[in-house]
Amino acid sequence: MAEEVGLDLEELRQLQNIAKRPRVLNLINSEISNLEKLRDSAVSSNAKPEVPVTVPAPVSSSGKPVSSSGLNYVTLGTFSWDQDNDKVKMYISLEGVDEDKVQAEFKPMSLDIKIHDVQGKNYRCAIPKLCKEIMPEQCKVLVKPKRIVITMVKSSRGNWLDIHHKEDKIKPSLEKEKDPMAGIMGMMKNLYEDGDEEMKKTIAKAWTDARSGKAADPLKGL
């Protein structure tokens, strides 16, 4: 089950990257959040008992210990980003953040940012596999009044096509019975049911064109 949920999450993140309309982004982000909770629940139920070990408390970007055990997090799946040849910057819109309560963990191919106690809530932005390698020791987090700026230093100069790693997303499925369009069609159905009249007309046309062979991409035009 966890594997299936992981595949659904990958596909939803692809849709997240191409979606433009705020309503569509909100629906996709909500579904990603639900699937992440389902995945975590499945992993927890299948986990084998382990011998408890003592580990150091995680350290925030300010150097002060922050305990994150047993906390619930709101997933921050929406952000903007830009780059130059040497760095990638991510921008997360969030007000009322205390710099002392930001915990940042950078690894060569991943990042995990946890923001604690923002008006009673905890937030998390994690990318388990980046497009390319970074240099963790040179990365940093800057807290501003209305947003958080995450600066990642590239391990090698050059252009990134995306924040997320793409290799796993282009592997063909080996399951003969798995319909590669099933996830997209399901998403279109949800968008149709929750959308306004204009959205319903757009999705209905895209669906009809896809089934008649006029359009290879059922999301074209959304």
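Reader: Is Cys-139 buried or exposed, and at what relative accessibility?

Author: The model is predicted; local features need pLDDT of at least 70, side-chain atom pairs count only at pLDDT 80 or more, and totals for chains, interfaces and linings use all residues. Residues are numbered from 1 along each chain as its sequence is written, and side-chain values use heavy atoms, with hydrogens and water left out. Buried means under 20% relative accessible area, exposed over 50%, and partly exposed in between, with a 1.4 Å probe and protein chains only. Cys-139 therefore counts as buried, at 11%.

Reader: How many disulfides does a search of the whole structure find?

Author: A disulfide is a covalent bond between the sulfur atoms of two cysteines; here the criterion is a pair of cysteine sulfur atoms within 2.5 Å. Cys-131 is buried at 16% relative accessibility, and Cys-139 is buried at 11%. For disulfides, the search of the whole structure gives a count of zero.

Reader: Which pattern does the protein follow along the sequence?

Author: Helices (H or I, at least four residues) and strands (E, at least two) are DSSP runs, numbered from the N terminus. The protein has four helices and eight strands. Read along the sequence, their pattern is α-α-β-β-β-β-β-β-β-β-α-α.

Reader: What share of contacts between residues at least 6 apart in sequence joins residues at least 24 apart?

Author: Contact means heavy atoms within 4.5 Å. Of the 222 residues of the protein, 34% count as buried. Among contacts between residues at least 6 apart in sequence, the share joining residues at least 24 apart is 61%.

Reader: What is the order of the strands in the open sheet of four strands?

Author: Two strands pair if DSSP finds at least two bridges between them. The pairing in this open sheet is mixed, and the strand order is β1-β6-β5-β4. Each edge strand pairs on one side only, and these edge strands are β1 (74-75) and β4 (102-107).

Reader: Which residue in β5 is the bridge partner of Glu-105?

Author: β4 pairs with β5 (residues 110-118) in the antiparallel sense, over six bridges. The bridge partner of Glu-105 in β5 is Asp-112.

Reader: What is the separation between the C-alpha atoms of Ile-115 and Val-97?

Author: Ile-115 lies in strand β5 and is buried, with a relative accessible area of 0%. Leaving out residues up to four places away in sequence, Ile-115 touches Leu-76, Leu-94, Val-97, Lys-101, Val-102, Lys-121, Asn-122, Tyr-123 and Ile-148. Ile-115 and Val-97 are 18 residues apart along the chain, and their C-alpha atoms are separated by 7.4 Å.

Reader: Where is Gln-119, and what is its phi?

Author: Asp-117, in strand β5, has a phi near 55 degrees, a positive value in a residue other than glycine; at 41% relative accessibility Asp-117 counts as partly exposed. Gln-119 is exposed at 77% relative accessibility. The place of Gln-119 is the loop between β5 and β6 (121-127). Although not a glycine, Gln-119 has a positive phi of about 50 degrees.

Reader: Which residue has its charged end over the ring of Tyr-73?

Author: A charge sits over a ring if NZ of Lys or CZ of Arg is within 6 Å of the ring centre and within 35 degrees of the ring normal. At 6.0 Å from the centre of the Tyr-73 ring, the charged end is that of Arg-124.

Reader: Which residues form the covered face of strand β7?

Author: In a regular strand the side chains alternate between the two faces of the sheet. β7 (residues 140-143) pairs with β8 in the antiparallel sense over four bridges, and a hairpin of three residues joins the two strands. Val-143 stands opposite Ile-148 in β8. The uncovered face of β7 has Lys-140 and Leu-142, and the covered face has Val-141 and Val-143.

Reader: Which residues does Thr-151 touch, not counting residues up to four places away in sequence?

Author: Thr-151 is placed in strand β8 (residues 147-153). At 7% relative accessibility, Thr-151 counts as buried. With that exclusion, Thr-151 touches Lys-87, Val-88, Lys-89, Cys-139 and Lys-140.

Reader: With which residues is Asp-84 in contact, leaving aside its neighbours within four places in sequence?

Author: Asp-84 lies in the loop between β2 (80-83) and β3 (87-93) and is partly exposed, with a relative accessible area of 42%. The C-alpha atoms of Asp-84 and Val-153, 69 residues apart along the chain, are separated by 9.9 Å. Beyond those sequence neighbours, the contacts of Asp-84 are Lys-154 and Gly-158.
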